[in-house]
Amino acid sequence: MNWLLRWPEIFLAVLLAAFETYRFGSASTPSAVHATWTPQRKLEMRNDVRDLWYHGYTSYMEFAFPLDELAPLSCMGRGPDWHFPENIASNDVAGNFSLTLIDSLDTLVVLNDRAGFEDAVRKVINWVSFDVDTKPQIFETNIRILGGLLSAHLFASRPDQPFHLPWYRGELLTMAHDLGQRFLPAFSTPTGLPYARINLRHGIPSGESVETCTAGAGSLILEFATLSRLTGDPRFEKAAHKAFFALWNRRSDIELVGNRVNAWTGDWMYPQISSVGAGIDSFLEYALKWYIMSGDHEFLDVWNESYAAVMRYSRSLDGLWYRQVHMATGDIAYNTLDSLSAFWPGLQVLAGDVENAIKSHMLYWQLWRRHGGIPEVWDMSYKQATSLQYPLRPEFIESTWYLYRATRDPMYLDIGKTVFSDLLDRAKVECGIASIRDLRNNALEDRMESFVLSETLKYLYLLFDEDNPLHRDDSNYVFTTEGHILLLERKYLKPSSATIRQLRRAESPQCPAYEPPYFIGANDLPGLHVGIRSRTDFDYARFLVSTALSDGDDMWWHPNGWCAVPVVEYFMQEFILSVDGKPVAEDSSPSLEKIYPVPDGFMVKSIAGIRTRIVSRLDGKGYDIAKLGPHTVHTGQTIYINDSSLVTVLSGIQETQRERRKDVQLRIFIDFVDASSYIPSIAGGLVSDAVFTAFPGLFAGDPSLPVPAKGKKPLRFGQGEGVGLVRDVANPTGCQAYTQTFANEAILVRRGECTFLEKLMRAHEVGASGVVVISDTETPINPSATAEDLNDVGGSLDDVAIVVLRESDGRQVTTMLDMAEDHKVGRVVLILENLQRDTACRSRSRLGSRIDSLEIQCYTLMGTRFLIQGY
């Protein structure tokens with residue numbers, strides 16, 4: 001709810017509320033959550049989580065070890081179902097190899113328990129063998145056992161950290177190598193896709209099913225490649241790499257992969273559904289994480305292309321959840337989501353898309369509030385859970401940890417507190433921690449999955465452990481899909497080829513910092529930075545799930561507030577280019593005469609028929625071209641347009657016929673008097689140089705034109721090295737006559753009290769070059785004026801311009817002016833960013849000079865240059 005429209009009226013109430021507790025209810029344990037998270041309180045919560053973890057771990061060691069899992073209700077151990085081999089729910093993970101112990105090894109590292117880690121490593125070495133007559137699933141054994149062994153080996157063998165074991169001689173790595181070799185026969189298929197299961201002693205049984213899933217066959221690269229790099233045996237990385245791309249190369253024309261696949265033929269199996277949930281989830285995860293670990297750009301390309309496709313086809317229209325769609329068409333198949341998909345917000349954070357991560361996480365939080373856990377399957381159409389088990393899965397808690405690290409919003413600590421209270425009250429039993437069979441009545445299941453200790457409580461512990469060394473580690477480590485910590489030291493990284501380095505040298509992936517919501521005060525009063533709970537779309541997620549109001553939900557509401565229905569822009573679009581905008585046939589294989597690579601991008605000699613894909617930039621500064629015909633375009637590369645057929649079209653467009661651009665880029669910065677003027681203590685971390693999207697008027701000078709149209713006066717606004725940006729505190733809206741003159745500056749004013757035309761006329765009369773209007777909304781506005789009003793002006797306004805800034809951008813600009821004026825450190829300057837000449841580009845090319853960036857259907861495309869002679 002937007003509760004700050006008149007924030008001074010309720011400031012005292014907010015201040016008092018900060019010292020009170022409020023409630024975030026859940027179906028089972030409505031828990032009081034304090035508004036203030038002190039270091040001491042976080043430490044207490046961390047220790048509570050630690051105690052719960054050890055309750056589960058010591059119960060396993062006492063009642064179940066060396067069996068695979070703990071049966072916490074009967075206080076016994078669980079292993080493979082020897083009497084019913086078809087029981088894949090148990091036998092896919094239980095391979096008679098002390099599963100829970102191996103899966104817990106690096107959690108002992110996270111908990112800073114060196115003695116416990118050493119004891120566990122000795123027990124694994126002394127007790128575990130993989131020469132067993134069991135048939136576990138390769139995927140599950142890989143992520144839980146192989147990943148656990150490799151992570152523990154890395155810590156035990158590295159002398160530069162406190163978990164180094166001096167007596168250790170690589171025994172865990174030897175065991176991992178033995179297990180990896182037992183996996184290899186599963187890859188003996190024509191496609192390179194592995195069978196889903198293998199007998200660890202006898203190999204692939206006769207008549208074994210060839211059905212597998214994308215996640216199962218394609219989520220092996222982290223563990224397999226790490227094993228290869230550490231042992232020098234390349235077979236594992238080659239097998240995982242081949243399987244991964246055997247899937248990716250079979251993707252649909254719209255860049256989606258399916259859920260189920262025939263490992264022998266490579267054919268997608270009915271119903272050919274794509275999603276971010278079960279069956280596909282970790283395939284997407286490993287594409288990004290292997291790039292982070294290894295720097296392998298192939299996997300970054302897969303991530304970028306698959307993410308764009310997911311955002312276009314799977315993302316719902318409101319942007320809060322992700323649907324199951326047909327992989328060939330992108331049409332919606334099922335309005336359901338599963339609990340495994342709750343990992344997605346965390347992966348979005350890791351990819352740098354924090355804003356969309358916040359949105360997608362909201363829905364799962366509301367599901368938790370309604371049920372006291374995440375049900376296995378949720379139907380969005382009927383707003384009902386259709387499978388009400390909760391085996392204490394970690395994905396929602398994992399995403400909560402990622403979002404807290406990215407935003408530091410205390411709401412995520414509140415969520416963690418509620419999650420912990422529910423786990424404690426609903427799942428803790430005398431002999432361990434039990435899965436929940438039915439969230440409605442809290443019926444329990446006699447099973448503690450190994451991921452409860454390897455992931456669920458690990459991420460919950462990290463959420464409250466601010467000083468954990470992992471939070472200060474900026475290496476290439478990642479958490480696997482089972483929560484195991486893997487990294488590659490520099491000596492294990494493979495250098496890119498000279499060709500790849502040349503191709504990717506200009507690449508600049510984006511990871512913009514999070515900025516909290518900001519509500520401006522009424523009547524020019526300063527506003528407040530607020531938390532995620534105060535977003536106008538926060539309650540919309542509650543509506544989607546039909547979660548009942550709890551005691552604290554309405555304490556932030558305001559009579560004039562609103563619950564916004566989110567509207568999202570397309571993340572990815574495709575067009576077929578033409579010279580005159582009319583439909584043309586696609587040229588699916590453009591020759592080198594039309595388009596060819598140059599050192600920093602591509603040169604386009606003829607645009608007609610080239611299919612172009614554009615993808616939204618994560619920093620909000622427009623769109624990047626991601627594909628140009630058959631070519632993948634990487635971030636940081638430039639597209640040079642040198643199509644001579646455009647000359648006639650461009651030169652024939654008259655100003656009266658030309659549809660003006662709907663947005664322009666303004667660079668606004670503080671021109672400091674000298675370098676020493678910029679003092680961090682003065683700046684306080686505030687932005688002093690930024691590019692904003694502004695919306696020009698449909699009358700007067702056109703700031704999007706690099707040169708004036710024939711017969712028009714040159715525009716003064718934002719030209720050359722820029723103009724000063726000033727304001728008149730006595731005339732904040734620019735509707736009164738100014739009492740001073742201006743030397744070509746642009747004037748910053750607020751919207752309201754008079755028309756846009758009147759604001760510009762007043763400024764023009766006193767020598768200003770234009771007006772920058774701060775809107776009172778985030779909605780783009782292009783000022784207009786009637787022909788009759790323009791005729792009454794009595795003179796030309798061609799040399800001045802008016803633009804509108806969104807309300808939030810206007811606050812940043814106002815802050816710059818405050819800083820410059822209060823501290824006398826310099827002046828604020830405005831430049832039309834899209835008109836600045838690229839000197840380096842001109843020196844590289846003799847074809848002409850840059851005129852403008854490419855625009856398609858009002859989408860400004862970054863990294864494009866016109867190099868057209870004669871215009």
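The following legends describe close-up views of a predicted model.

Residues are numbered from 1 along each chain as its sequence is written, and side-chain values use heavy atoms, with hydrogens and water left out. In this predicted model, local features need pLDDT of at least 70 and side-chain atom pairs count only at pLDDT 80 or more, whereas totals for chains, interfaces and linings use all residues.

**View 1. Overall protein chain.** The protein chain has 26 helices and 37 strands; these are DSSP runs numbered from the N terminus, helices being H or I with at least four residues and strands E with at least two. Of its 871 residues, 58% count as buried, where buried means under 20% relative accessible area, exposed over 50% and partly exposed in between (1.4 Å probe, protein chains only).

View 2. Thr100 lies in helix α4 (residues 99-103). Its relative accessible area is 0%, and Thr100 is therefore buried. Apart from neighbours within four places in sequence, Thr100 is in contact (heavy atoms within 4.5 Å) with Tyr60, Asp68, Glu69, Ser450 and Leu453.

**View 3. Salt bridge between Arg182 and Asp178.** A salt bridge is a side-chain nitrogen of Lys or Arg within 4 Å of a carboxyl oxygen of Asp or Glu. In the bridge between Arg182 and Asp178, the closest N and O atoms are 3.2 Å apart. The two residues are four residues apart in helix α8 (residues 171-183) and so are separated by about one helical turn. Asp178 is partly exposed, with a relative accessible area of 26%.

**View 4. Salt bridge between Glu211 and Arg260.** The closest N and O atoms of Glu211 and Arg260 are 2.7 Å apart in this salt bridge. Because Glu211 lies in strand β5 (residues 211-213) and Arg260 in strand β6 (residues 260-262), the pair ties together parts that are 49 residues apart in sequence. Glu211 is partly exposed at 33% relative accessibility, and Arg260 is partly exposed at 27%.

**View 5. Salt bridge between Glu807 and Arg811.** The side chains of Glu807 and Arg811 meet in a salt bridge, at 4.0 Å from N to O. Both residues belong to helix α25 (residues 807-823), where they are four residues apart and hence separated by about one helical turn. Glu807 is buried, with a relative accessible area of 18%; Arg811 also counts as buried, at 12%.

**View 6. Network of salt bridges.** Arg251, Glu255, Glu305, Glu574, Glu586, Arg611, Arg613 and Lys627 are linked in a network of salt bridges. The structure holds 44 salt bridges.
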